[in-house]
Amino acid sequence: MDFTGKVAISTGAASGMGLLFAQNFAALGGNVLMCDVNEAVLNEKVEEINVKDGGRAIGVICDVRDYVQVCAARDRAVSEWGRIDVMANFAGGTAVRMQKVDTNKYREFPDVPIEVYDWGLDVNLKGPFYFAHAVLKQMREQNSGLIINIGSITGAEGDGYGMDYPTAKAGLMHGLTKSIAQFGSKYGIRCVCVSPGPVLTRANMAEMPTLLGRAAEPQEIIDLVLFLASEKGQFINGENIMIDGGRNAMGRKW
């Protein structure tokens with residue numbers, strides 16, 4: 001794969017799969033705008049990419065819940081490189097975990113403060129929605145582009161406690177991805193959702209069963225994203241691709 005001359009935006013890019021995508025895209029010749037709220041770590045990771053051969057990275061502090069910051073990130077990419085070829089929406093996470101909710105104090109869904117779930121819905125659903133709205137202006141102008149949404153097996157399974165996460169991910173996997181594909185088709189713009197099962201970005205993901213008996217390595221997810229962005233993946237559009245080791249095919253025990 002060769003992304004020389006191509007431009008990507010990656011959110012949640014200071015860590016996890018958002019970072020891994022940025023590293024891979026740049027190593028394959030592409031330029032990448034890395035968005036995150038953790039300025040110190042983001043700057044460190046950008047520098048690590050820029051001392052290597054390949055494309056260039058730029059870090060931008062961006063809270064995906066803030067549309068003004070989202071548009072500023074888009075504008076920085078366009079001002080630096082003149083185009084946006086790939087928008088990769090990696091920023092996200094289950095609110096009760098990310099907000100460090102005391103599960104002993106807040107035992108069930110109705111007990112958790114609603115602002116916790118507001119955070120989860122904003123980051124996981126409104127963030128990708130905001131970025132789509134912002135970058136589609138540029139992609140429409142250049143008559144090309146790809147938006148990658150990151151769903152989750154949880155969007156198919158549900159979660160009786162962290163309800164923000166499956167609600168948001170299901171919205172990405174179906175409603176938003178298909179809608180962007182419908183809009184973008186006349187402008188040469190594609191949208192695909194990649195929905196992982198358990199991924200070893202956290203150790204406890206190894207405890208989630210799959211038919212293959214293991215969790216995915218993060219690189220396995222990024223390899224699929226890179227394929228979709230490459231010349232070999234151009235006929236895939238408007239689809240949710242589950243990459244879950246067969247977890248969604250497992251029998252349910254209720």
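User: How many salt bridges does the structure hold?
Analyst: The predicted model holds 9 salt bridges.

User: Which residues are linked in a network?
Analyst: Salt bridges join Arg-56, Arg-76 and Glu-80 into a network.

User: Take Glu-80 and Arg-56. How far apart are the closest N and O atoms?
Analyst: In that salt bridge, the closest N and O atoms of Glu-80 and Arg-56 are 3.3 Å apart. The pair links distant parts of the chain, 24 residues apart. Glu-80 belongs to helix H3 (residues 67-81), while Arg-56 lies in the loop between helix H2 (39-50) and strand S3 (57-61).

User: And Arg-76 with Glu-80, what is the N to O distance there?
Analyst: The side chains of Arg-76 and Glu-80 meet at 3.2 Å, N to O, in a salt bridge. Both residues are in helix H3, 4 residues apart, which is a separation of about one helical turn.

User: Changing topic: where do Lys-126 and Asp-122 lie?
Analyst: Lys-126 and Asp-122 are both in helix H5 (residues 114-142), 4 residues apart, about one turn of the helix. They form a salt bridge whose closest N and O atoms are 3.8 Å apart.

User: Why does that distance still qualify?
Analyst: The pair counts because the cut-off for a salt bridge is within 4 Å, and the N and O atoms of Lys-126 and Asp-122 are 3.8 Å apart.

User: What is the relative accessibility of these two?
Analyst: Lys-126 has 35% and is partly exposed; Asp-122 is partly exposed as well, with 22%.

Key: Residues are numbered from 1 along each chain as its sequence is written. This is a predicted model: local features need pLDDT of at least 70, side-chain atom pairs count only at pLDDT 80 or more; totals for chains, interfaces and linings use all residues. Side-chain values use heavy atoms; hydrogens and water are left out. Helices (H or I, at least four residues) and strands (E, at least two) are DSSP runs, numbered from the N terminus. Buried means under 20% relative accessible area, exposed over 50%, partly exposed in between (1.4 Å probe, protein chains only).
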